[in-house]
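This report walks through one protein model, moving from a single residue to its sheet, its helix packing and its cores. Please keep the sequence and the structure in view while reading.

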Amino acid sequence: MNTLPSRRFQKKHEQILLSSPFLLFVGWLVSVALPTALHWGLNGLLTPDLGQKTALIVASIAFVICHFVVRKINTSYPGGQSSMFIAPQVITIYVLVALVSLLLTLNLSRFILLTSGACALLWFYLEHFSTQKYRRLKLAIIKGGMSDHLFELDNVDARELTTLDLQNVRYDAVVADFNDLSKDDERFLTQCALKRIPVYDASLVYESLSGRVRINRMSENNLGALLPTKVYETTKLLMDLGIVLLSLPIVLPIGLITALLIKLESPGPVIYTQQRIGLGNKEFTIYKFRSMRFDREQPEQFAGEDDPRITRIGKIIRKLRIDELPQFLNIIKGEMSLIGPRPEQPNFVRAFDEQIPFYNYRHVVKPGITGWAQVRQGYTDDADATRIKIEHDFYYIKNCSTYLDLHIVFLTIKTMLTGFGAR
């Protein structure tokens, strides 16, 4: 389920100012037309020659792609409204468009593309901060059941309805637990729907806003199935292999330097291996750069914060996630993906399977080096935190898509830069 759209702004000027076509047009004027006019004058904008026309078209394509990607990610998934996603998305898209133009040997002004990218970056930040208050959802909540959990969320303006009356206050939606309704509640929600006021079930709203699926029952995906689509799985496999192979010239030198530093600091093997549970509930061997003192007899346990077993080099490579690079081999072997639920140790899997009958449903997709739970929650070191991690995993499995994977990539970049969740 996508994040709920804002519905309370229904006045004409509000609809125009917040509409995608209006923001696209004004953004194009700022990001493409303005730098072109400043560089070539109005004649270059109104009557461009072939080279100028090519530059205008390419810059326009880059901006339009940015507009829809930024809008899609910012409104589709929990946590996507952070301003930190803007720069990585815009820079990545403009760089990719520039590379494609270079491969196609297009004759265009690199200066225009560069200034267009800079202006686009400024525009998307301006758009983000000027419309931020309008994107915060205001929900009318009928208390009871799952609805009570919505008041725990800090990314929504949840207001309790003490009486079954909106009192002329504009809300984005009315929310209630459909399994905990009285006859009067049902009549009120029916009247809201007749007045074109959106009505949502609390469990779906909670899932959409928190990025977690409550694990009190199995939850099918948006197509009504318990399995990801074959098209998605094939696309993801090709992207995994392509990214791994293309990144090897960068990854290999980093890996060699890391291996040397580990060997110099403490005795023991450079690569640490451990058995994990993966796709289809099958056991496999995972590879990591060793970040702790070597002790083969050490029992399986969570790594705590400031764990004394972690070496000095280990602290750095764990924070930057460099210790995960050997898992590229697991990807090539078909045991893992770049993105997916983190694989757990067999003992932990058996323990959680006893507590949660459908726990092993998380093994319906390949485990990943990074994933929704890691970037949303960070490292877990106890049973309660692991239960929340499972809720994040089930959300990913239910909503897995290329867009969600892209969102996780940007969240992973943030994690690497901030060290969030590293242990």
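Does K288 count as buried or exposed, and what is its relative accessibility?

## A lysine in strand β6

In this predicted model, K288 has a relative accessibility of 16%, and because buried means under 20% relative accessible area, K288 counts as buried. The residue sits in strand β6, which spans residues 283-289. Leaving aside residues up to four places away in sequence, K288 is in contact with V270, I271 and Y272, with D323 and E324, and with P326 and Q327.

## Overall composition

The protein contains 14 helices and 8 strands, and of its 423 residues 48% are buried. Among the contacts with a separation of 6 or more, 73% are between residues 24 or more positions apart.

An open sheet is built from 4 strands in the order β2-β1-β3-β4, and the pairing is parallel. Its edges are formed by β2 (157-160) and β4 (199-201), each of which pairs on one side only, and the twist from one strand to the next averages 30 degrees. Strand β1, residues 138-141, runs parallel to β2 and is joined to it by 4 bridges; in the pairing of these strands, I141 has E160 of β2 as its bridge partner.

Helix α6 (residues 183-194) packs on this sheet, where it touches β3 (173-176) and β4, and its direction makes about 155 degrees with that of β3. Helix α7 (residues 202-210) lies across β1, β3 and β4, and runs at about 85 degrees to β4.

## Packing of α2 against α5

Helix α2, covering residues 20-46, packs with helix α5, covering residues 110-135, at an angle of about 145 degrees, and the two axes are 9 Å apart. The crossing of α2 and α5 is right-handed.

On the α2 side, the contact is made by L23, V26, G27, V30, S31, V32, P35, T36, H39 and W40, which meet F111, I112, T115, S116, C119, A120, W123 and E127 of α5. Sorted by type, the residues of this contact comprise 11 nonpolar, 6 polar and 1 charged.

## Two nonpolar cores

The largest nonpolar core has 43 residues, of which F289, F328, W372 and Y396 touch the most other members. Not counting residues up to four places away in sequence, Y396 touches Y232, K236, I339, G340, P341, W372, L404, D405 and I408; W372, one of these contacts, is also listed with Y396 among the core members that touch the most others.

## Positive phi in two loops

Which backbone angle is positive at Q167, although it is not a glycine? It is phi, with a value of about 55 degrees. Q167 lies in the loop between β2 and β3, and at 56% relative accessibility Q167 counts as exposed.

N281, which is likewise not a glycine, has a positive phi of about 65 degrees. Its place is in the loop between β5 (271-277) and β6, and N281 is partly exposed, since its relative accessible area is 38%.

Key
Residues numbered from 1 in each chain as written. Predicted model: local features only at pLDDT ≥ 70, side-chain atom pairs only at ≥ 80, totals over all residues. Heavy atoms only, no water. Axes fitted to C-alpha atoms, helices over the stretch in contact; angles between N-to-C directions. Left-handed = near helix turned anticlockwise from the far one by under 90°. Contact = heavy atoms within 4.5 Å. Nonpolar A, V, L, I, M, F, W, Y, C, P; charged D, E, K, R; others polar. Core = buried A, V, L, I, M, F, W, Y, C linked by side-chain atoms within 4.5 Å. Buried < 20%, exposed > 50% of the residue type's maximum accessible area, 1.4 Å probe, protein only. Pairing = 2+ DSSP bridges.
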